[in-house]
Amino acid sequence: MRILLDYRPALRQRTGVGEYVHELARALVTTRPPPRDAAPESLTLFSSSWRDRLDPGVVAGADVIDLRVPVRVLNYAWHRWAWPAVETLTRRSFDVVHAAHPIRIPARRGAQVVTVHDLDFLHHPERSRAEIRRDYPRLAPAHIRAADAVLVVSAHTAGEVERLTGVARSRIVVAPLGRPDWPRRLDEPADGTILFLGTLEPRKNLSALLDAYGHLLARRQARGASTPRLTLAGGPGLGAEALITRTRDGVLAGRVDVLGYIAPDERQQVYAQAWVLVMPSHTEGFGLPALEAMTMGVPVVASTRGALPEVVGEAGLLCESRDPEALAAALESLIDDRARRDRMREAGWRQADRFSWTHTATRTREAWASALEQEARRRG
């Protein structure tokens, strides 16, 4: 079975979807069924860029197709005209063509699979930018409906896909993301931070986080109590400049560290310096930083919205994302209670153990099998 997986989201900065694609590819290769148990399976990673080149060995055991075609040009042609077919571009044919986003890759043959991470762009297009803002609200629902199988990363997203696009639940496969292969942190640093890790963009609700941190600082300064520093780790997104400017003014001045994009091999160390991870997002299709934090043993304070409650489970503190005072109170309850942080650390380990990339790969193969059956019915 010949599989094409769109690797472009992981080509430059592996955040969110990019991390998903990379780790999924690794898991698919390492869990590939022996030929005697199933049809031989080959995985090809597809990339396209004018400037950035894909390392042929980026995922050992996977083939690579790396085209020198500007990604914006290719996306415009694919989104607007469904042209050129991937067979024309690659001079190969595939049994399954798997897009890492909800827009299908044009193909003359082969089962079509799309991964849907979230549908926030349908509710709030103003929170997105570039091609997502331009094309996704108009095109994604039809592409999702036309796919032979729809892969989603959480039960929350499965419900959104069913409700907003009309796709039958039987055609949706839930494949949660996996935890990283990191050792557990048995203790915490003496001077820990309050950590946010993710793209600095409106969907992450960072304005409310800065409001909450301002409340926390003012309240604790009034009674002479120290407050951990706030660390914002992640690349700039829509509106990041105004957000960063705000961290330099008023009560926040000198109290917030803005680190920028964190490379994959540096993320573990950033978590290791934290007392708590905070995710006040308006919505999340999954919420990988929460899982990474729990894997390390870092307590999580998260929003009640999106998929975060199902990822965090009972291991973290959940609060309403639109209530900065509640967020500040949740953070303060952990800052002042070392025993509670210790209990949450152990609960986080247990919760993180429920997620693995092996399971993600298994569920992905189930989506491929379902797509092949659907394609056979479609072609008669």
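Modeller: The account below starts with one loop and its surface patch, then turns to backbone geometry, salt bridges and helix packing.

The model is predicted: local features need pLDDT of at least 70, side-chain atom pairs count only at pLDDT 80 or more, and totals for chains, interfaces and linings use all residues. Residues are numbered from 1 along each chain as its sequence is written, and side-chain values use heavy atoms, with hydrogens and water left out.

Helices (H or I, at least four residues) and strands (E, at least two) are DSSP runs, numbered from the N terminus. P84 belongs to the loop between α2 and α3, and the peptide bond that joins W83 and P84 is cis, with omega about -5°. W83 counts as exposed because its relative accessibility is 54%; exposed means over 50% relative accessible area, buried under 20%, and partly exposed in between (1.4 Å probe, protein chains only).

On the surface, W83 forms a nonpolar patch with Y76 and W81, and together they have about 400 Å² of accessible area. Such areas come from the Shrake-Rupley method with a 1.4 Å probe; for residues, only the protein chains shown count as cover. Patches take residues with over 30% relative accessible area and no salt bridge, joining like charges within 9 Å and nonpolar side chains (Val, Leu, Ile, Met, Phe, Trp, Tyr) within 5 Å.

Backbone geometry at other positions also deserves attention. Most residues other than glycine have a negative phi, and most peptide bonds are trans. A130, in helix α5 (residues 130–146), has a positive phi near 55°. N205 is not a glycine either, yet has a positive phi of about 60°; N205 sits in the loop between β8 (193–197) and α7. A130 counts as exposed because its relative accessibility is 59%, whereas N205 counts as buried because its value is 8%.

Salt bridges come next, each defined as a side-chain nitrogen of Lys or Arg within 4 Å of a carboxyl oxygen of Asp or Glu. The whole structure contains 38 of them. One pairs E19 with R14, with the closest N and O atoms 3.0 Å apart, and both residues are buried. Another pairs R203 with E201, at 3.4 Å between the closest N and O atoms; R203 is buried because its relative accessible area is 15%.

In helix α14 (residues 357–379), E375 and R379 lie four residues apart, about one turn of the helix, and their side chains meet in a salt bridge of 3.1 Å, N to O. E375 is buried, with a relative accessible area of 11%, while R379 is partly exposed at 38% relative accessibility. Elsewhere, salt bridges that share partners join D187, E188, R338, R341, D342 and R345 into one network.

Helix α14 also contains E373, which is partly exposed at 49% relative accessibility. E373 and A149 are 224 residues apart in sequence, yet 9.5 Å apart in space, C-alpha to C-alpha.
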